[in-house]
Amino acid sequence: MSMNVISNYAANVAHRNLMTSDAAATSSLAKLSSGSRVVSAKDDAAAMAIGARLNSTVNALKQASVNAGQGVSMLQIADGAMARVNDVLVRMKTLSVQAGSGQLSATERGMLDTEYQSLVSEVTRIAAATDFNGQQLVNGSLTTAGAAVSGGAFAVADGVSGFTAHGLSTSATDNYTLSYSTTGNTFTLDDGTNSYTGSIASSAINSSGGMATGAAVKLTAVGTSAAGDAVISLNTSFAAGTSVAAAATNGGIHFTGSSTTSFSYKVGAGTDATKDVITVSVDGINAANLALAGTDITTTSTADAASDLISAAIDTLNTARSKVGAYQNRLEFASANLASAIENSEAARSNLLDLDIAQEMTTFTSKQILTQAGVSMLAQANQMPQNLLKLFQ
C-alpha cells in the first residue's frame, strides 16, 4: 500500500476496532450495573420473553401465597370463636343439668334461667361479632323469600338483584318490611322489633336520580338489641330518586336458607380459573343455627329438653370446627406447594435473565484492555502521517 498523507488507513482500522471494543465494554458494563444478562431485547429476545412470563408468574404465585396465608388467618379467627362458644355451651349444659334436679324451686330455676338466657344471647353475639375485614364468618348466610326479590316495589325488575343476610331471624312468623327514603338514600328493614339501615353511596347515583352503577348496600342493626346484618344488591334499574314507603306490598320478607357462609381463595397464578380456587364453607354458630333459640330451663322438663339440645349443639359445633380445621390444613398444604412453585419458578427465571457476575467481569476486563490498547494504537496510527514530513526535509 502506498504511503500518503490524505488517507490514514491504519488510523481508520484502529478507530473501527476501538469503537467495537468500546461498545462491547459499554454493553458489559450495563449488564454488570443492572445484574441482568438481558438488558434489552437485542441481547436475547427469546429469553427476555420467557423471563417476563416467568416473572409475572412468580409475582402472581407470591400473591397467591399471601391469599392462602390470609385464608388460614381468617379460619383461625373462626376457630377461635367456635372455641369460645364451646365454652359457653359447656356452661349452659351445666346450668340445664342443675335446673333439671328436683331439689330446686321455681324461683331458683328462674335465677339459673337468667344466666342461661344471657349465655344464649352471648352465643349469638359472638357469632355476629366475629368477622374478618368486615365479613362475618360464623353467623350463617340467609336468603330471602318474599317481596324483596319477587314482588312489591323491590322486585328484580325494579333494580333489587339480590338480598342476603346474616344472623337475622328465620322464624316463619317473623317477617320484615323494607322501605327506601331519598333523604340520605337510606334503606330501612324492620320487623316491628328490630331495625336495620344502610345508605347507597352517592357516587353510584347519577344526576337524573337513577343508578349510574350497581351497588351493594349493607344494612346494619340500629341499637343494641338487634344483631346481624343484611346486604341489598342493586343494579342500574333501581330508581334512587324515588322514595318507597313501608307498605304491605313490601312486607312479608322472610329469611330462609343455609347456616353456612362460603369464601373463595385464589391460590394459583390464574392459569386455571377453577383449579386455582379453594372454596371453604364456614357453618353458622349463632343460637338459631345451633337450635338453641327459644330454649329455657325454668322447669325440669324444659331443662331436660334444653340439655338434650345443648348436647346436640355441641356435636354440631364440633362438626363445624372439624371442617374449619380441615380447610386450614388444606390451605397450609396449598401454601407449602406455592412456596415450592415460587422457588422453582424463580430458579428458572434466574437461569434465563440473571447475570453470571464472574464471567461477565472477565469479559469486561478483556474489553477494557482492548479499549485501552485501541486508544494507544489509534494514537500511534495518527503519528504515522507525520513521519512522511521528514521526506520533505
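Author: A residue is called buried when its relative accessible area is under 20%, exposed when that area is over 50%, and partly exposed in between, using a 1.4 Å probe and protein chains only. The model is predicted, so local features need pLDDT of at least 70 and side-chain atom pairs count only at pLDDT 80 or more, while totals for chains, interfaces and linings use all residues. Residues are numbered from 1 along each chain as its sequence is written, and side-chain values rest on heavy atoms, with hydrogens and water left out.

The charged pairs come first. A salt bridge here is a side-chain nitrogen of Lys or Arg within 4 Å of a carboxyl oxygen of Asp or Glu, and a search of the whole structure finds 7 of them. Helices (H or I, at least four residues) and strands (E, at least two) are DSSP runs, numbered from the N terminus.

One of the salt bridges joins Glu346 to Lys62, whose closest N and O atoms are 3.4 Å apart. This pair links distant parts of the chain, since Glu346 belongs to helix H5 and Lys62 to helix H2, 284 residues apart. Both partners are partly exposed: Glu346 has a relative accessible area of 25%, and Lys62 has one of 39%.

Asp283 and Lys323 form another salt bridge, with 3.2 Å between the closest N and O atoms. Here too distant parts of the chain are linked: Asp283 lies in strand E12 (residues 277-283) and Lys323 in helix H5, 40 residues apart. At 16% relative accessibility Asp283 counts as buried, whereas Lys323, at 27%, counts as partly exposed.

A further salt bridge, between the side chains of Arg84 and Asp87, has an N to O distance of 3.2 Å. These two residues are 3 apart in helix H2, so about one helical turn separates them. Arg84 is partly exposed, with a relative accessible area of 45%, and Asp87 is partly exposed at 41%.

The aromatic pairs follow. Rings of Phe, Tyr and Trp (its six-membered ring) pair if their centres lie within 6.5 Å; planes under 30 degrees apart count as stacked, over 60 as edge-to-face and the rest as tilted. The structure holds 5 aromatic pairs. In one of them, the ring centres of Tyr180 and Phe187 are 4.8 Å apart and the planes stand at 45°, so the pair is tilted. Tyr180 counts as buried at 2% relative accessibility, and Phe187 counts as buried at 0%.

Phe187 also takes part in a tilted pair with Phe238, at 5.4 Å centre to centre and 40° between the planes. That pair links distant parts of the chain: Phe187 sits in strand E6 (residues 186-190), and Phe238 sits in the loop between E9 and strand E10 (254-256), 51 residues apart. Phe187 and Phe238 are both buried. Through ring pairs, Phe154, Tyr180, Phe187 and Phe238 are linked into a cluster.
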